[in-house]
Amino acid sequence: MGAQLRVYRRRIRGVSATKKITKAMEMIAASRIVKAQRQVAASTPYADELTRAVTAVATGSNTKHPLTTEAEHPARAAVLLVTSDRGLAGGYSSNAIRTADRLTQRLRGEGKEVDTYVVGRKGVAYYAFRDRAVAESWTGFSDSPQYGHAKAVAAPMIESLLTDTAAGGVDELHIVFTEFVSMMTQTPVDRRLLPLSLDNGADGAADGEGAERRKGEALPLFEFEPSAEGVLDALLPRYVESRIYNALLQAAASEHAARRRAMKSATDNAEDLIKSLTRLANAARQADITQEISEIVGGASALADASAGSD
Amino acid sequence: MADLHVELVAADRNVWSGEAHMVIARTKSGDIGIMAGHQPLLGVLESGPVTVRTSDGGTVIAAVHGGFISFADNKLSILAEIAELAEEIDVARAERALERSKSEADAAAERRAEVRLAAAAGAH
């Protein structure tokens, strides 16, 4: 066997092994998307009910609460960025990071300081490499977040929202995550969670409000137990947690979808590569055979010439 | 008798939904029973058992750990971070959790285990 042929065969074997791995990863990701989507769907009733309740309190009472009223001069904002723990998901993490960078630029342009909170090893690595300060970070659950994780993430942010701005607290809370639109489309988005803005059409709270108004019925006058302030105090942290939980779940579904797509194109590329390498290997094998034949024929005719000359 | 629609939802799933005559839950300021036509209400729940008297005469008991109750337009929602139906509760496990929390002096865990056991006992 010719040296060239051996080289091609070795490369084909290598590419096939890689293809097996990417194919397996593609299938794992595909099965996890379904599970992640189910989790998103299962968390929706809670988020919807909670959003409705928050809207009811925010509009149905004249309560002033630090979490619902807009600060006159917002000086500091918190940005929560959701990325993945593992790579091999195409541009998933870098797209989210870019969106967060744009948001940070915009907030800085408005004269606010920005505290960054990061979920996911990829985001943490990005900030660490660039020596940028991160207020807090969490890793290890980006592909299957539980409610407890959302609680852990929400806790320091709620605390800093309740702190005075002068003492290092924040006035606004933004979240950047990758929204799961469909199997093929996932878009990184930034949302402002707090203070609640009722004119922000993309926000869930505003959706509830809008739907209520469209139906043309006034929001019922609620009785609060124990009091409007007490209910808001208890409700808003839960609201933040549930929104973060929903964002984490959507991000997880998007991560799996992005990984599936990346692995699918890797598998397709491997197939193309194997095909062209096989053609090259066939040509090399054919060239070897042709050469051997011509050597034999050449050798035979040389022998024939020699024996004819000796006669 | 008029009925109301009940949705019992936990953070990660829909636990129970259906029609009921009355729902009894424990808010911060005491037990409250809600029947159809109640004034719109939004309350903070204590951790405790929630009893639902269903339209077909049955009773559904659930252990609810923190959350909210909201009633409007004859629709009652109970939102809880954690909610379990009494049938789902593993009594042996809850008892073990109670022992453990007592020995570790973890008041929150002890309360959770007690609520679970109370809900499970109410159903049997």
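Is Asn74(B) buried or exposed? With 12 C-beta neighbours inside 10 Å, Asn74(B) counts as exposed; the cut-offs are 20 or more other C-beta atoms within 10 Å of a residue's own for buried, 12 or fewer for exposed, and partly exposed in between, with C-beta atoms placed from the backbone.

These legends go with a predicted model, where local features need pLDDT of at least 70, side-chain atom pairs count only at pLDDT 80 or more, and totals for chains, interfaces and linings use all residues. Residues are numbered from 1 along each chain as its sequence is written, while chains are lettered from A and ligands numbered from 1 in the order in which they are written.

**View 1. Two loop residues with positive phi.** Asn74(B) sits in the loop between strand S6 (59-72) and S7 of chain B. Its phi is about 60°, positive although Asn74(B) is not a glycine. Over in chain A, Leu88(A) has a phi near 55°, again a positive value in a residue other than glycine. Look for Leu88(A) in the loop between strand S1 (76-82) and helix H2 (92-109) of chain A. Leu88(A) is partly exposed, with 15 other C-beta atoms within 10 Å. For background, most residues other than glycine have a negative phi.

**View 2. Ala80(B) and its surroundings.** Ala80(B) lies in strand S7 (residues 75-85) of chain B. Count 24 other C-beta atoms within 10 Å, and Ala80(B) comes out as buried. Beyond its neighbours within four places in sequence, Ala80(B) is in contact with Ala10(B), Val64(B), His65(B), Gly66(B) and Gly67(B); contact here means C-beta atoms, placed from the backbone, within 7 Å. Leu8(B) is 72 residues away from Ala80(B) in sequence, yet 7.9 Å away in space, C-alpha to C-alpha.

**View 3. Chain A laid out.** Chain A has six helices and six strands, taken as DSSP runs numbered from the N terminus (helices H or I, at least four residues; strands E, at least two). Along the sequence they read α-β-α-β-α-β-α-β-β-α-β-α. Of the 311 residues in chain A, 36% are buried.

**View 4. H4(A) against H6(A).** Helix H4 (residues 147-162) and helix H6 (residues 228-310) of chain A have axes that come within 8 Å and cross at roughly 125°. The axes are lines fitted to C-alpha atoms, for helices over the stretch in contact, with angles from 0 to 180 degrees between N-to-C directions. H4(A) and H6(A) are therefore oblique to each other: under 35 degrees would be roughly parallel, over 145 roughly antiparallel, and 65 to 115 roughly perpendicular, with the rest oblique. Residues of H4(A) at the contact include Tyr147(A), Val153(A) and Ile158(A), and those of H6(A) include Pro237(A), Ile244(A) and Leu248(A). By class, this contact has eleven nonpolar, one polar and two charged residues; Ala, Val, Leu, Ile, Met, Phe, Trp, Tyr, Cys and Pro count as nonpolar, Asp, Glu, Lys and Arg as charged, and the others, Gly among them, as polar.

**View 5. Where chain A touches chain B.** Chain A puts 24 residues into the contact and chain B puts in 23 residues. On the chain A side, helix H1 (3-60), strand S6 (223-225) and H6 each give two or more residues. H1(A) gives the most, with ten residues. The chain A side divides into 17 nonpolar, four polar and three charged residues.

Technical notes: Contact = placed C-beta atoms within 7 Å.
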